[in-house]
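Welcome! Please take a look at the picture and the sequence before reading on.

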Amino acid sequence: MELKLITTPAAEIQADSLVAICFKDGATLPALPAAAASLIAESIAAGEFDPKPLETMLVHRPEGLAARRLLVCGAGEKDKLTPALARKIAGTALRALKPLKHRTVAFSLAAELATPDSIEAIACGALLADFETDRLKTDEKLREKHIDTVLVSVPEITPALEAAFAKGQIVATAQNFTRHLVNEPSNLMTPPKMAEHARAIAAENGLKIDILDEPRLRQLGCGALLGVAQGSIQPPCLIHLEYVPETSADSSVHLALVGKGVTFDTGGVSIKPSDGMEKMKYDMAGAASVLGAMIAIAQLKPAVRVSAFAPCVENMVSNNAQRPGDIVRTLSGKTVEVLNTDAEGRLILADALTYAIRHCGATHLVDAATLTGAVVVALGHIHAGLFVNNDGLKDSILAAAKTAGESFWQLPLDDDYNDYLKSPAADLPNIGGRWGGAVTAAKFIEAFAESKPWAHLDIAGTAWLEEDKPFLAKGPSGLPVRTFVELALAFGRR
Ligand code: BES
Ligand code: ZN
Ligand code: ZN
């Protein structure tokens, strides 16, 4: 799908459909010819169309328009139209028109909507909405539903609008790449396959890359990561992608994005129930999100050094799998008693954090991980959990998330929870007790952050959408790619 910025007036745009945003009072953007406007007013009065957000109405052969169809999209109250809502409306329009086999779809933004924020959101929303999860279905009919061109008309093309239009596409393309990785089944998305994707990203975007293979991980002493990986025939790796800016706002800052990359989580010997186990292909969503974010960061070029670290392993059951009670030595030197082999994400993250800090000089760290079922119990599928040891970093992440339209809810990290993390035989156990599972998991990781500003995003409940939305296919959400990108951009402005 290609997106184009144009200046053709709404009524003259040649397209299969023109999208108009309609507010509660029936007013539209763009303003429409009298016939179409009165048709909309009539439909609202008759109760056939409710112009609230994410409602749509298709009008055939709209009088006075060059487009074949008019799609009226509800937007609610005018003063509540934020870029986040514009993103959803653009996506809703696209997903309403795609099954109708419209090839060219046009948005026309009157002056009020032709702002950089709105343009970015619309470009982003349209591309995100175009993503499907049916790549491996062989029914050719499915491929007939595609939109080729999205035209976005504005009164005047300015450099600021062009840049915002490009940014929306860069971010959405990166997020869709992440969604693709997460959507792939685990037989096709193994740790070596993740490494292959990372190499391609580096080559295409001019990033530095280092992939630590098993012998190097052993030589370094990443005993926690290797312990998780040892039950699988798939060799583990630790991917390190690095973006070095031409000029840096503060050259002492090195932001590290760290993502859990468990390409399949059986639970290991502490095996998971088979019901729903297929979902554990998305246990690498954190790793996929840091790889995707690096694509956008490489293209948007913030003035800050940023690295992505993605420890990738498969957590299997086998003759050689790690056992409950095994004690492993982490790269930090701390020993861990593996009381439950299903609490594997924190083990690989521990070694990745130590590597980022001690071997690569990371100064600020943010990890994303599908870490606990407990965070899903606490927050459902609405917010991701945010754990953070530093107020400045907390503010930066929440501000980035707000701009990105992704949502996080802060959960506690008080030291009182350390009472839940006691092992008689090692420095730490890898699980706490029955309660507060999302917090004890975060406390465990915090022990490896060496008092650097660090945040942990538990995305177990938000990395995978259980239901279709009008503007997004169900499946991988691509969270928190947009927050990572906004965070890096904000760090570059400091
Ligand atoms: N990958 C899972 C967490 C998860 C659960 C992700 C649901 C997505 C959806 C993680 O490795 C895990 O199994 N965690 C255990 C920890 C427990 C053994 C302390 C859990 O949450 O049950
Ligand atoms: Zn697990
Ligand atoms: Zn897991």
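Let us begin with one residue and its surroundings. E120 touches A164, K167, G168 and E486, leaving out residues up to four places away in sequence; contact here means heavy atoms within 4.5 Å. E120 has its place in helix α3. With a relative accessible area of 19%, E120 is buried. On this scale, buried means under 20% relative accessible area, exposed means over 50%, and partly exposed lies in between, using a 1.4 Å probe and protein chains only.

A word on the source: this is a predicted model, in which local features need pLDDT of at least 70 and side-chain atom pairs count only at pLDDT 80 or more, while totals for chains, interfaces and linings use all residues. Residues are numbered from 1 along each chain as its sequence is written, chains are lettered from A and ligands numbered from 1 in the order in which they are written, and side-chain values use heavy atoms, with hydrogens and water left out.

**Two helices**

Helices (H or I, at least four residues) and strands (E, at least two) are DSSP runs, numbered from the N terminus. The expected span of a helix is 1.5 Å times one less than its number of residues.

| Helix | Residues | Number of residues | First to last C-alpha | Expected span |
|---|---|---|---|---|
| α3 | 116-130 | 15 residues | 22 Å | 21 Å |
| α8 | 285-300 | 16 residues | 22 Å | 22 Å |

Helix α3 is mostly covered, with twelve of its 15 residues buried. Among them are S118, I119, E120 and A121. The cover over the buried residues of α3 includes β1 (2-6), α2 (83-97), β6 (104-108), β7 (149-153), α4 (159-183) and α13 (481-493).

Why is α8 described as largely enclosed by the rest of the structure? The reason is that 14 of its 16 residues are buried. Just after α8, K301 takes a positive phi of about 50 degrees.

A404 is part of helix α11 (residues 391-404). A404 is buried, with a relative accessible area of 2%. Leaving aside neighbours within four places in sequence, A404 is in contact with R87, R482, T483 and E486. The C-alpha atoms of A404 and V171 are separated by 9.9 Å, and these residues are 233 apart along the chain.

R323 sits in the loop between β12 (305-315) and β13 (326-329). Is R323 buried or partly exposed? R323 is partly exposed, with a relative accessible area of 48%. Not counting residues up to four places away in sequence, R323 touches Q230, V338 and T341. Between the C-alpha atoms of R323 and L39 there are 69 Å, with the two residues 284 apart along the chain.

**Around ligand 1**

Which residues come nearest to ligand 1? Of the 16 residues around ligand 1, these are K272, D283, D342, E344 and G373; a residue is near a molecule if one of its heavy atoms lies within 4 Å of it. A backbone N or O atom of G373 lies 2.6 Å from an oxygen atom of ligand 1. A nitrogen atom of ligand 1 is 2.9 Å from an N or O atom in the D283 side chain.

Technical notes: Polar contact = N/O pair within 3.5 Å; in protein donor to acceptor, adjacent residues only side chain to side chain.
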